[in-house]
Structure formats: structure tokens, C-alpha cells
Amino acid sequence: MHSRTRKPNRIQLVLLVVLAAVLLLRSGIGTFGEWEETEDTEQAEVTEATEDYPVMETFSGKQLPYTACLTLEATAYSGGGQTATGTMAGEGTVAVDPEVIPLGSELYIVSEDGSSWAYGYAVAEDTGRAIQGDRIDLFYESESDCQAFGRRMVTVYVLAE
């Protein structure tokens, strides 16, 4: 991951405030805190808050601070080529609507339920005509992987830098 310092934009700040409000309502106590995990799943959940950002936990146990958590409809694409940011498309490249997720954002993507599968780390480097609003397109190396992926709802964490 690149280490750049960038101030959050207005959309990210609004999403962070909305997320904070949802977390406060869910906790029932008005503070960020540890959520109770169920015994039958290993969901990627908020486990604690840093001074500036909430933190999600990956399947491997790594804690990642994030600025926004979005539920998006995901599709998959392949074929490589140059992205909208000038890089070459490859595993970990995703296409987004820059009005929803700014290009260059570092992401962590999991299934909507947080426990079925993880695409993992990604960078918002591409756009697409069909990728508008709450949609994201995940790059896979082969067309068969894309077909197997199909269309799914995903949870996208916009990682803090």
C-alpha cells in the first residue's frame, strides 16, 4: 500500500459521521466499543476505535482503520489494459464511481455478510460506463473467474491513509 497523506473529502466525512451514528445506535450505549462476536462466524467487524477512525478486522486478524464502510453491488471484469489513472489493470484493481469512492483510494473488500469470502486489498484505479453510483467492478485475471463471481453485494472499507 502506498503511504500518502490526504485529507478526507466531504463525501468521506459525511459517510464517517453517518457510520459513527449507526455504530452508536447499534451499540446501545452511545460509545464505540467491542462488538460481541457470534460463535458460528468469523465476520469482519469493527472491534475497536482508533483516536481518529474506526477499525475493521480482516480474516487474518489484522486491524485496519477506515474512513467509510459502503455496501455496493459488485461485478467483475478482466482483460487488463490501462486504467483511468494510467496504471495497468491487475489483481487488486477496481473500477468505481469517483463521486462515491475517489480514485486512488485504498480499499478492503469482503462479502456483504463479512464472513463468506474476501477480495481483500484493492485500489480504486479505474472507472467504467456502467459503474455509476453504488456499484464497483473487481478485476480478475480470467473471464472464467469473472463469470464465477457473477454479481454480488459487497462491503467496501475505504481505508484510512
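# Exercises on a predicted model

A search of the whole structure turns up two salt bridges. Before you dig in, note that this is a predicted model, where local features need pLDDT of at least 70, side-chain atom pairs count only at pLDDT 80 or more, and totals for chains, interfaces and linings use all residues. Residues are numbered from 1 along each chain as its sequence is written, and side-chain values use heavy atoms, with hydrogens and water left out.

## Exercise 1: the salt bridges

**Task.** Find which side chain Glu-73 meets in a salt bridge at 3.9 Å, N to O, and which residue forms a salt bridge with Glu-73 at 3.0 Å.

**Solution.** 

Step 1. Start with the rule: a salt bridge is a side-chain nitrogen of Lys or Arg within 4 Å of a carboxyl oxygen of Asp or Glu.

Step 2. At 3.9 Å, N to O, the partner of Glu-73 is Arg-135. This pair links distant parts of the chain, with Glu-73 in strand β3 (residues 63-77) and Arg-135 in strand β7 (residues 135-139), 62 residues apart. Strands (E, at least two residues) and helices (H or I, at least four) are DSSP runs, numbered from the N terminus.

Step 3. The other partner is Arg-151, whose closest N and O atoms with Glu-73 are 3.0 Å apart. Again the pair links distant parts of the chain: Arg-151 sits in the loop between α2 (143-149) and β8 (152-159), and Glu-73 in strand β3 is 78 residues away.

Step 4. Now check accessibility, where buried means under 20% relative accessible area, exposed over 50%, and partly exposed in between (1.4 Å probe, protein chains only). Glu-73 counts as partly exposed because its relative accessibility is 24%. Arg-151 is at 53%, so it counts as exposed.

## Exercise 2: around Thr-155

**Task.** Work out whether Thr-155 is buried or exposed, and which backbone oxygen its side chain reaches.

**Solution.** 

Step 1. Locate the residue: Thr-155 lies in strand β8.

Step 2. Its relative accessibility is 7%, so Thr-155 counts as buried.

Step 3. The side chain of Thr-155 reaches the backbone oxygen of Glu-112 at 3.3 Å.

Step 4. Look at the neighbourhood, taking contact to mean heavy atoms within 4.5 Å. Leaving aside neighbours within four places in sequence, Thr-155 touches several residues, including Cys-69, Tyr-108, Ser-111 and Glu-112.

## Exercise 3: strand β4 and its partners

**Task.** Say in which sense β4 pairs with strand β6, and in which sense β4 pairs with β7.

**Solution.** 

Step 1. Two strands pair if DSSP finds at least two bridges between them.

Step 2. With β6 (residues 118-126), β4 pairs in the parallel sense over three bridges. Here Thr-93 stands opposite Val-123.

Step 3. With β7, the sense is antiparallel, over three bridges. On this side of the story, Val-96 stands opposite Ile-136.

Step 4. Check the faces of β4 (residues 93-96): both are covered, with Thr-93 and Ala-95 buried on one side and Val-94 and Val-96 buried on the other.

## Exercise 4: aromatic rings

**Task.** How many aromatic pairs does the structure hold, and which kind of pair do Tyr-108 and Tyr-121 form?

**Solution.** 

Step 1. Rings of Phe, Tyr and Trp (its six-membered ring) pair if their centres lie within 6.5 Å; planes under 30 degrees apart count as stacked, over 60 as edge-to-face and the rest as tilted.

Step 2. The structure holds six such pairs. One of them, Tyr-108 with Tyr-121, is edge-to-face, at 5.1 Å centre to centre and 75° between the planes. The pair links Tyr-108 in strand β5 (residues 106-111) to Tyr-121 in strand β6, 13 residues apart.

Step 3. Tyr-108 counts as buried because its relative accessibility is 7%. Tyr-121 is at 34%, so it counts as partly exposed.

Step 4. Tyr-140 and Phe-149 have ring centres 5.7 Å apart and planes at 35°, so their pair is tilted. Tyr-140 is buried at 15%, and Phe-149 is buried at 6%.

Step 5. Trp-117, Tyr-119, Tyr-140 and Phe-149 form one aromatic cluster.

## Exercise 5: the whole chain

**Task.** How many helices and strands does the chain have, and what percentage of its residues are buried?

**Solution.** 

Step 1. The count comes to two helices and eight strands.

Step 2. Along the sequence, the pattern reads α-β-β-β-β-β-β-β-α-β.

Step 3. Of the 161 residues in the chain, 41% are buried.

How values were computed:
A polar contact is a pair of N or O atoms within 3.5 Å; within protein, one must be able to donate a hydrogen and the other to accept it, and residues adjacent in sequence count only if both atoms are side-chain atoms.
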